[in-house]
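I opened this notebook to record what I looked up in the structure shown here.

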Amino acid sequence: MHGLTPILSTVTASFLASFVEVVEAFTIVLAVGLTRSWRPALTGAALALAVLAALVLAFGPLLALVPITVLQFVVGVLLILFGMRWLRKAILRSVGVIALHDEEQAFSKETAALQQQANDRRADYLAAVASFKAVLLEGVEVVFIVIAVGAAHGQTLYASLGALAAFVLVMIIGLVVHRPLARVPENSLKFVVGLMLTSFGVFWTGEGLGAEWPGADLALLAIFAIIAAASFAIVRWLRGAYPATAEGIAR
Amino acid sequence: MNAIRLVFKELVGMFVDDGSLALLALVLIALITVAVKLLALPPLIGGLLLLAGCLAILLESVRRAARGRTR
């Protein structure tokens, strides 16, 4: 599986998913940096990145010991669970059942919490912990996505490049605008990522079971198209069947 | 230890949001795996059933959530 289709889909899925996660982590680190100071913000973030690197170094080589069909099956199952979770949330957000994620709100909430701790003698430590937690929690998801979309077909390098590109892009935009990236169409990104990860999950679980998909790698695109068409149909149906929710919290 | 607990909690949360969606997906995968491995169901049919089953589970999950919200 080294054609253009799997490489492009691996890089795109990894890039988009990582972009969403890095934006969320960036909001918290920015809040810590602007409210307290950059020292605890960057110290916490750097420590979290070190923990994530240690996790990858500790568990990454173990994947090479797992037979490929078992790896495809396990990764496929995890991707189905992960992808459908994102897809469900994105569908519910797009019809207004749950509120859209708001980076400005997350920034304000974190800033308020940090200001309350300003007089605490451990304020710098608590600020560093907030930064550490944000980067660690979002980073764990990035690590999973990179390993999941990359490992089952030996494309971890491409997946890593996608994640790295997302990280660099968010940092560049963040340095320029110096505020939460609230204009990022997060729900649309999550929708696409949910579709892609669920498609990868179905494709690889099928391969893990021994299925030879018609068209080989191109079947991934067909699976994506079917899941996308069904998801958009679900959104339309929900808007018609439950109009009260569509007028609710967010569109 | 706190960091490890945090990572573990996040790991579980990554896959389970709506518990019944996760459970139904796992049951579906288990049933298809048994059918392919023990009952000689062709793997491609298993893969297609998996695709259809995932969409049905997703539909049921969002329908339940939307209905709960409008009550």
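I first examined helix α1 (residues 4-35) of chain A against helix α4 (residues 103-116) of chain A, which pack at an angle of about 35° with their axes 9 Å apart. Axes are lines fitted to C-alpha atoms, for helices over the stretch in contact, and angles run from 0 to 180 degrees between N-to-C directions. Helices (H or I, at least four residues) are DSSP runs, numbered from the N terminus. I noted the crossing of α1(A) and α4(A) as right-handed (the near helix is turned clockwise from the far one by less than a right angle).

The model is predicted: local features need pLDDT of at least 70 and side-chain atom pairs pLDDT 80 or more, while totals for chains, interfaces and linings use all residues. Residues are numbered from 1 along each chain as its sequence is written, and chains are lettered from A and ligands numbered from 1 in the order in which they are written.

I then listed residues in contact (C-beta atoms, placed from the backbone, within 7 Å). Those of α1(A) include A:Val23, A:Ile28 and A:Thr35, and those of α4(A) include A:Glu103, A:Phe107 and A:Leu114. The residues of this contact divide into eight nonpolar, four polar and two charged (Ala, Val, Leu, Ile, Met, Phe, Trp, Tyr, Cys and Pro are nonpolar, Asp, Glu, Lys and Arg charged, the others, Gly among them, polar).

Next I turned to the contact between chains, which takes 39 residues from chain A and 31 residues from chain B. On the side of chain A that touches chain B, α3(A) gives the most, with twelve residues.

Conventions. Contact = placed C-beta atoms within 7 Å. Helix = DSSP H or I, 4+ residues; strand = E, 2+ residues; numbered from the N terminus.
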